[in-house]
Amino acid sequence: MSGKYTFTKALKEVRFHLCQTSEHSAATRSFLTRAYPTMKKNNPHTPIMIREALGVEPKVFARYEYGKEKREELMGLDDKEIESKVTILVKTGI
């Protein structure tokens, strides 16, 4: 799992938006509980931000060089599908 979360050099920031209580963000919370320590250990200098707000649909944003950004919706996905989407964002550049 560790190689899966080694970020591309072009990645400057990863940001998760989710609701701290709603059911539609449960899989995202589960994913972050499991994967955040590994992501941070492998990428200590890349900010990984978690933004919680009531009623927000779960999303992940990746910001790359020159301010380019990609966003993936995580609503309705299970833990493995979220892992797949995040892996694609952090491995590929814009």
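## Lys 85 and its partner

Lys 85 counts as partly exposed at 28% relative accessibility, where buried means under 20% relative accessible area, exposed over 50% and partly exposed in between, with a 1.4 Å probe and protein chains only. Its side chain meets that of Glu 72 in a salt bridge (3.1 Å, N to O), a term that requires a side-chain nitrogen of Lys or Arg within 4 Å of a carboxyl oxygen of Asp or Glu. Because Glu 72 lies in strand S4 and Lys 85 in helix H2, the pair ties together parts that are 13 residues apart in sequence; helices (H or I, at least four residues) and strands (E, at least two) are DSSP runs numbered from the N terminus. Glu 72, at 26% relative accessibility, is likewise partly exposed.

The model is predicted, so that local features need pLDDT of at least 70 and side-chain atom pairs count only at pLDDT 80 or more, while totals for chains, interfaces and linings use all residues. Residues are numbered from 1 along each chain as its sequence is written, and side-chain values use heavy atoms, with hydrogens and water left out.

## A salt-bridge network

The count of salt bridges comes to 8. Among them, Arg 63 pairs with Glu 13, the closest N and O atoms being 3.4 Å apart; this pair links distant parts of the chain, with Arg 63 in strand S3 and Glu 13 in strand S1, 50 residues apart. Arg 63 is partly exposed at a relative accessible area of 27%, whereas Glu 13 is buried at 11%.

A salt bridge also joins the side chains of Glu 69 and Arg 15 (3.3 Å, N to O), linking strand S4 to strand S1 across 54 residues. Glu 69 is partly exposed at 40% relative accessibility, and Arg 15 is buried at 16%. Salt bridges that share partners join Glu 13, Arg 15, Arg 63 and Glu 69 into one network.

Strands S3 (residues 59-64) and S4 (residues 69-73) run antiparallel and are joined by 5 bridges, strands being taken as paired if DSSP finds at least two bridges between them. Arg 63 has Glu 69 in S4 as its bridge partner. The two strands form a hairpin with 4 residues between them, and Tyr 66 in the turn has a positive phi of about 60 degrees.
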